[in-house]
Each structure stands twice: as structure tokens, then as C-alpha cells.
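Biologist: Please take a close look at one part of this model, the contact between the two chains. Keep it brisk, and give the cut-offs.

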Amino acid sequence: MAIVNNRLPKEDLEALFSDIHPPFEHDEGAAIEANRCINCFDAPCTKLCPTKIDIPLFIKQISSGNIKGSARTIFSSNIMGAGCSKVCPVEKLCEGVCVYNLLKEEPIHIAKLQRYSTEKAMNNKWRLFERKASTGKKVAVVGAGPAGLACAHALSLQGIEVTLFEKEEKAGGLMTYGIAAYKVTPEFCKEEVDYITSVGGIDVQVKKELGREITLTELRQKYDAVFLGIGVGIARSLGIPGEDLEGVVDAISFIYNIRTSDYSKIAVGDKVAVIGMGMTAIDAATQSKRLGAADVTMIYRRSENEKPCTDAQFDLARYDGCSFIWLASPKEIKGENGKVKKLVCNKMKLGGPDSSGRRAPVITGETFTLEVDMIINATGQMPFEELINNSSIRNRNGKILINEAFETNIPGVFAGGDAVNGGKEVVNAVQDGKNGAKAILSYLGI
Amino acid sequence: MANLQSSFLGIKSPNPFWLASGPPTDKKINVLRAFEAGWGGVVWKTLGTQIKNVSSRYSSLNFNGKKIAGFNNIELISDRPLELNLQEIREVMKLFPDRAMVISLMADNDRKSWHELVKKAQDTGAHGLELNFGCPHGMVERGMGATVGQDPEIAKMIVEWVMEVAEIPVITKLTPNVHSVVPVGKACIEAGSNGLSLINTIQSVTGIDLDTLIPNPNVGGKSSFGGYCGPAVKPIALKFITTLAQDEATCRTPISGIGGIATWKDAVEFILLGAGNLQVCTAVMLNGFRIIRDLCDGMNNWMDEKGYQTINDFIGLSVPKLTRWEELDINYHIVAQINQEKCIHCGLCYIACEDTSHQSISKEDGYPYNTYNIKEIECVGCNLCKIVCPVDGCITMIEQRKGDEYLNWKEFQKRGLPLNDH
Ligand SMILES: Cc1cc2nc3c(=O)[nH]c(=O)nc-3n(C[C@H](O)[C@H](O)[C@H](O)COP(=O)(O)OP(=O)(O)OC[C@H]3O[C@@H](n4cnc5c(N)ncnc54)[C@H](O)[C@@H]3O)c2cc1C
Ligand SMILES: Cc1cc2nc3c(=O)[nH]c(=O)nc-3n(C[C@H](O)[C@H](O)[C@H](O)COP(=O)(O)O)c2cc1C
Ligand code: SF4
Ligand code: SF4
Ligand code: SF4
């Protein structure tokens, strides 16, 4: 047992990490699918889209042959419409409520159609938006993730000069560094950022971290307003003995490595335990398996009914051959020569409902032990509590608090995305970015 | 099993389906394949003075991703030598003596030409002749085809010439490019035509290439009005044959129904409105001769279910059910009803009624599904919601008479009854 890289030949790795939702191969396919949509009025699919894309309209535009119009419809509601078409958990959003579900028929492949139009727009570099003349106002946006990019784009369209500060080397946020490699490629993420910023008026400054190279005080002095879209940080610690042994990794860092280097260089164990059952946990488990881990076991403290991931995400792990232990919670990690050897877990049972309304897991007193050589912790991410506290921004456990106008307790400082909601989806962050921009414009009197 | 055998003007065929004059019937190879597939008869591609066709020739109308709602062509009559056609007709008849062989004719506009052509055609032993008075393009410019079919006087004269020498049944094929087919139909019958067939194609432009701005079909940068046919023309054809079935002067003359027949249901509708047999062109051009199997089988099953033994049992049964608007019962009133169990909350009924009908559907916002209900008091029973609803049987129209007695518009006016006040 060991944690090693290069478990599989290059070609296998490439195949395993290729697009899990491939696009339409032919225009006809898109046309057939588009014509299947009955163009509902006050469509349920649109209601479930956090950015409220007019889905019946963009699909109608595909069927009428107005692909450019279709792309504009999508992007005017969701500037990351291309990325969202690849990463949105549509089974619990638009596609989950498509009226075809009520006929027990396959819902319209909304995301695939959205990808069809947006991909054409990006590949052909269609210029779908024009900036208004400069207003002379300047806004600093911190964090070039989905929230920051959406905010910057919306502001720039209205003639604001935007400076986008990003601590990493590349823009895109978790889209670039967090989302599973079989959903988006680094090239796509770069193209998407370039496409968004090609509208002009957005100066992207990478390797500029708030709290290091820049401070909030300074930003407030130099800019008319500030938007914070800094997301959340690494996984919260397990808080159990043995957590510093070699082989215990945080899911976000593990995936960050996959997204920033060659698959052949990523080391993974033989027997991997993944703690958690959320989307990050699923991505960590499936990507471990695809890197060649022999056994991947996902451990969750509640039962299958309470799992936070969707059935579609769960199936992804199931079909990748991961195993699952329900009602189990890590108690202690045992090692040998400083390396992980065993994971001791408490057996849990379900008690009364907790604050989330779900039945709370309770320790039974029984334990069991798993032989493992790698443990990936995916029990939820930690907000940047220190940074936020140091900037005197009102927060709850590090999650920034905002009012209905997306403004923090500091005048002229707005926030949105994971930094506020603690971690949802890309599409929610985009909507927050739009809302933040709107609030800033009204704050600036534009 | 019902009996599909047909006798039209005494011309026998194992089923009532003939191939209409056109590309499917323009040579021996096609017709043999058609007969092998089971077609009851053919009307051979129109013969006359040999012509030359252009390329391209066809175009079509697509609708909502569905290809070929309508089809159009700028072909002329047969472009093959007359003698070769006649020879092949003889050969085919020898191989398939039980099938109907009718020859479509269009001679130059003089008595001698018609006499010669009729004689040559009937010398083959064919069972009947069809006079093509309907071709809307190409031949018109030469004073033939639809020009003849649009003028009762000319039509009558030509039919008379034909009847002077015809020894076999003569069917006159009418053009729909007229306000009414009755005057021409009447004239042809007076002149002795044994039967009528309709419709030929309708003058049309199916569309324009939006890159080149050239209408379809493009013949070296220009186009020409083409003859429209296929599914889109069925409603027009049904209307025209009904007018003949309703008119005292034409109702006793057998009608061969043509225009947009693609399924057995279409065929049954033509018969119910007075057709004695059927002709099909576009549907086989799009799907091949094999469609005959379901045409026959579907009609057969329907006849069995209805208890009809032969086609004659239901010819024209729906004709009396088409009347003048003034005769309709104003007291008959229906209202829409939504079956909430079947409803998929698409809102299509609502927006149709709200925007363009009578604001008779209420919307109760829900997340993610709205609930829609009919406001019975407001509903005028127009059927629009039922037509747009994607779920079969979800919206039904319920009868709620406004009065017990039959009341038509004339009577309504006579009694000075009130009109709508909003
Ligand atoms: C493993 C994983 C998988 C996921 N998979 C999906 C998925 O499939 N589909 C989906 O819709 N969502 C997914 N999500 C969630 C999604 O990625 C986030 O909800 C979304 O990216 C949030 O956008 P954001 O802009 O708020 O934050 P982020 O994307 O986190 O962007 C924040 C940006 O701010 C930068 N930043 C942070 N601190 C500073 C600072 N002090 N100074 C300057 N810059 C800073 C960061 O480097 C980053 O670029 C996933 C998340 C994870 C962790
Ligand atoms: C390509 C083409 C060529 C045709 N040629 C003739 C013809 O030579 N003589 C004729 O009487 N009708 C001709 N027609 C008309 C058809 O016989 C028929 O009346 C018409 O197409 C309507 O029937 P459909 O909808 O089944 O095609 C032609 C139709 C098509 C599509
Ligand atoms: S719910 Fe489905 S069918 Fe209706 S508009 Fe949306 S995608 Fe189309
Ligand atoms: S029948 Fe006509 S008026 Fe009545 S609800 Fe339907 S659309 Fe509206
Ligand atoms: S059109 Fe039919 S399915 Fe759609 S909302 Fe109306 S009743 Fe329901």
C-alpha cells in the first residue's frame, strides 16, 4: 500500500478524465432536441434557474436557427452560461422540473442545448455585448471566481472601470481550481474568462491577494465601491487524532492539484477513504478512482436519505465503483512511521431532527476500523474567517453578512457568492455577482 | 376482414389506392416496383408533346423542425418519348393485368392533337384516361394544363373533343388554382367526362434562400412558381372535393381524391367527403412505395372496427355533416375543462387564451408549477386551448347548451336576440 502517481497509462487517464457530458456531435441533434421543447409559458425550468435564463426563448432561438440570439439570451442572464452548461447540477435545477418529467419522459437536455449555443459563441468570438461609454467611476472586485467575474462584467457594461484582483495565478475561481476535471478543462476555463473580459473595461490583476498585497482600506480609498467575491477556503479540519499523518489530505487541495498539473503526476493511495457525501466529496472520490486507486470508500455520518449530493452525483461515484459506508463518523486515524494506516470510525444512528431539519447522527458507542493509506477530507469548506474579521466585516463564522442590497456593514463594500452563502453552486455565485453589480450601480447613482 | 377491392368507373383494382400521375408513374421500372409493393393502380405520368425539364425541380416547406410539411415542384409532363411510354405501358399491363392502368394526357390545344393522343393511349389497352387540366406551371404558358382547367368554356370544348373518340372511361383532373372547382367540373361533366379527379398542385413559393435571396427551387439563380402538394394541401383538397359532392350538378359523378394523402386516415377522410378512390404522389416520393402496406392495413382495421364491408359503405358519409355557417346551431355551447391529473403545467393553454382568445383561463402562481383553471363563464368554447395543449385528453370540451332548441343565425336575428356586450 502506498500513495503513488502514474497508476494508469496516459491514454486511460485521458479517457477517464474526458468530458462526462459530451456536446451534440451534429447540428441536427441540437435542432431535434430544441424542437422537442414545447416552449412553456412562465416555464418551470426558468423558475429553477438561479440566474433566470429565459430557457424557452433560447431553445426556440436554436430551433429557428438564430444561434447568435440564443447565445445572447443565455449570456445576458448568465455570463458564465458556457461554464454553467457543463457544471450545473441540472438534475436539481432546470432539467429536474422540465414538464417532460411529469410525462415520465426524458427532460429536455437544457444544459446540452445551452452548451451548443454558448460554445458556438465562444468559438466564433461573437461580440454580443457593447459597453456603454465610460462613467469615470471605478470599482474594485476582489476574487475572480464566478461571483467576481459576473459582477465585473455587469459593471463594465454600464461604463464602470473595473479592476479585478485575484490571489491565484489564473482567474476563474473554483471553476479553474475546484471543479472536477471531467467537467471542465483548464483551456476552457481560460477561454471562458477571456471571453467574459473581452468586453473591455476589466483590468484583471492576478497574484494580488487581499490582506497581503492589497488592503480593504486602500481599496476603499482608491475606488468608488468594492465587491468581495473571495469564495471560501480549504476543508474544515476533522478535529480528530492523527490528522497530521502523511496521507491525510484536504479535498480542495487534492482537486486543486489535479486541476493545475498533469494527471500522471497526481499521487493517490491504494485504499482511499473519503469523508463526506457532498459534491466535493463525490468529486474527490470519483477522481481518486479515475486516477487508479483500487478501493475508494466514502464515509458519511448520516444515512443515504440525508445525503447532500444529488442522485445523479451519487450515481457517478457508484458507477465509478466507489463503496459507501453510511452512519459512520471518523474517530481516530492511526499511522505507522508517520503514514496513515487505519481509520477508526464511530458507528452512528439517527436521532431527532437538528437545526437543518434532518435527523441528527448520534454516536452508538460501537466502532469499526478500516485499513487505508489515504484519507481525503471533504467535510465542507472553511470561510476566510481571519481575513474577514481583520477587515472588520460583519460575519457569521466567517460567512460575510450582507443586507438585501448586497452591502456589508462597511459602506460601499458589497459581497456575494460562496463568501456569503458558505458554498453553493457556480450559478448562484453568478446571480450574486449580478445582484452585487446592480446594487453597486444604484449606490453609485447610475 | 373488410374488402378493399375497388371499382372506379368500372376500372377494377385490388385496393382503392392509385399512384397519381407524376414521377412515381413515369416509367416501367417505377410502376413495376409499385405494383410489386401492392399499389392498386397507376395514373401514368402525363403524356403529350415531349418536353425538357430543368434542374433543380423540387423544394419543400419545413415546420418546427419537422421536414416537408409541404412539397413543391416545377416539373412538366413526361420528358420521355411518347412511343417509349406507350410501349412500357403495354408491357406493365401484361405483367400486372389485375391492376388499374390509367393514362394521363395533355395534348396541344387543338382537336386533332387530342384525337391522336387519345387514340394512341387507348390502343395500349389501358383502362382509362385522365385529362390533365391542372398543371400550374410550364404548361400554362403554353396554353395547356391549368389554363384549360380555369376556364369552363375551354375545358368543355376539350372534353368534347376527347369524348368524340374515347372508348374507355375518361377522368378529368381539375386544378385547385381557381375560386371554385364547381363551374369547371360542371362543364366537364356536361361535355361527357365520366369522372373527375382533384386536386392537382397549387401555385406556390415555398421559401427563399436567405443567403442568396433566391427563391426555391433555385434554377441557376432564378426560380418559378411551383406546384404545391403534400400534407399541407390536404385541407384545401378536402374542401374542393366536398364542394363537388354538395353540388346538385356534380354530386353524382365519381371523384378520385388527390392531395396530401399520406396515411390511411387521410384516405378515409377523402372517402367520407365523397371520393370513390384515392391517388397519392408526394407521400411515395418521400417514403417509397412501401407505404401502401399501412395505407391498406390501417383502412382495413378501421373498416372492421366500424363494420364497413366495402369502400362503398362509407363514401360521402360526412358530406351532409358539412353545412353552411348560417345553418349551425347557435344554442350549442361548449366550455373547456382541464383534467388536473393529466396537466403538466406548461401554461400553453393559458397564454394562448390570455393573449389571443377570451382571457378565460386563470393562473395561480406556484413554484415551480402554476395551476391553470378554466373560467367557465368567460369561455366561448373556441377549442384553442385544447389545440395547443401538449397532453392528449387533458383538455376536453364539455357541452353546456345555451338553450334546448336548435337555433340558427337567421332565426337568432329574426327574434332580435342580444349580441355580446363586451
Ligand atoms: C470540489 C468542488 C467541486 C465543485 N463542483 C461544482 C460543480 O460541479 N458545479 C457547480 O455549479 N459548482 C461546483 N462547486 C461550487 C462552485 O465552484 C462555487 O460555488 C463557485 O465557484 C463560487 O464562486 P465564487 O466566485 O463565490 O467563489 P470562488 O469560485 O471560490 O472564487 C473566489 C475567488 O477569489 C479568490 N480569492 C480568495 N481570497 C482572495 C483574496 N484574499 N484576495 C484575492 N482573491 C482571493 C480565489 O482565489 C478565487 O479565485 C464546486 C466546489 C468545489 C469546492
Ligand atoms: C414532381 C411532381 C410531378 C407531377 N407531375 C404531374 C403530371 O405530370 N401530371 C399530373 O396530372 N399531375 C402531376 N403532379 C400532381 C400530382 O399528381 C398530384 O395531383 C399532386 O401532387 C397532389 O397530390 P399529392 O399531395 O399526393 O402529391 C405532379 C406532382 C409532383 C410532385
Ligand atoms: S420545462 Fe422543458 S419543455 Fe418546458 S420550456 Fe422548459 S425545457 Fe422546454
Ligand atoms: S375554449 Fe377558447 S375561450 Fe375557452 S378557455 Fe379555451 S381558449 Fe379560452
Ligand atoms: S396546455 Fe394542457 S398541460 Fe399545459 S397547462 Fe394547459 S391544460 Fe395543462
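Modeller: Chain B and chain A bury about 1,400 Å² between them, buried area being the accessible area (1.4 Å probe) that two parts lose on being put together, summed over both. Of this, 64% is on carbon and sulfur atoms. In chain B, the residues that lose the most area to chain A are Ile344(B), Pro368(B) and Tyr369(B), together 37% of what that side buries.

This is a predicted model: local features need pLDDT of at least 70, side-chain atom pairs count only at pLDDT 80 or more, and totals for chains, interfaces and linings use all residues. Residues are numbered from 1 along each chain as its sequence is written, chains are lettered from A in the order in which they are written, and side-chain values use heavy atoms, with hydrogens and water left out.

The contact (heavy atoms within 4.5 Å) takes 15 residues from chain A and 19 residues from chain B.

Asp42(A) forms a salt bridge with Lys363(B), with the closest N and O atoms 3.6 Å apart.

On the side of chain B that touches chain A, helix α11 (residues 348-356) gives the most, with 3 residues. Helices here are DSSP runs (H or I, at least four residues), numbered from the N terminus. That side of chain B divides into 11 nonpolar, 6 polar and 2 charged residues. Ala, Val, Leu, Ile, Met, Phe, Trp, Tyr, Cys and Pro count as nonpolar, Asp, Glu, Lys and Arg as charged, and the others, Gly among them, as polar.

Definitions and conventions:
Salt bridge = Lys/Arg side-chain N within 4 Å of Asp/Glu carboxyl O. Helix = DSSP H or I, 4+ residues; strand = E, 2+ residues; numbered from the N terminus.
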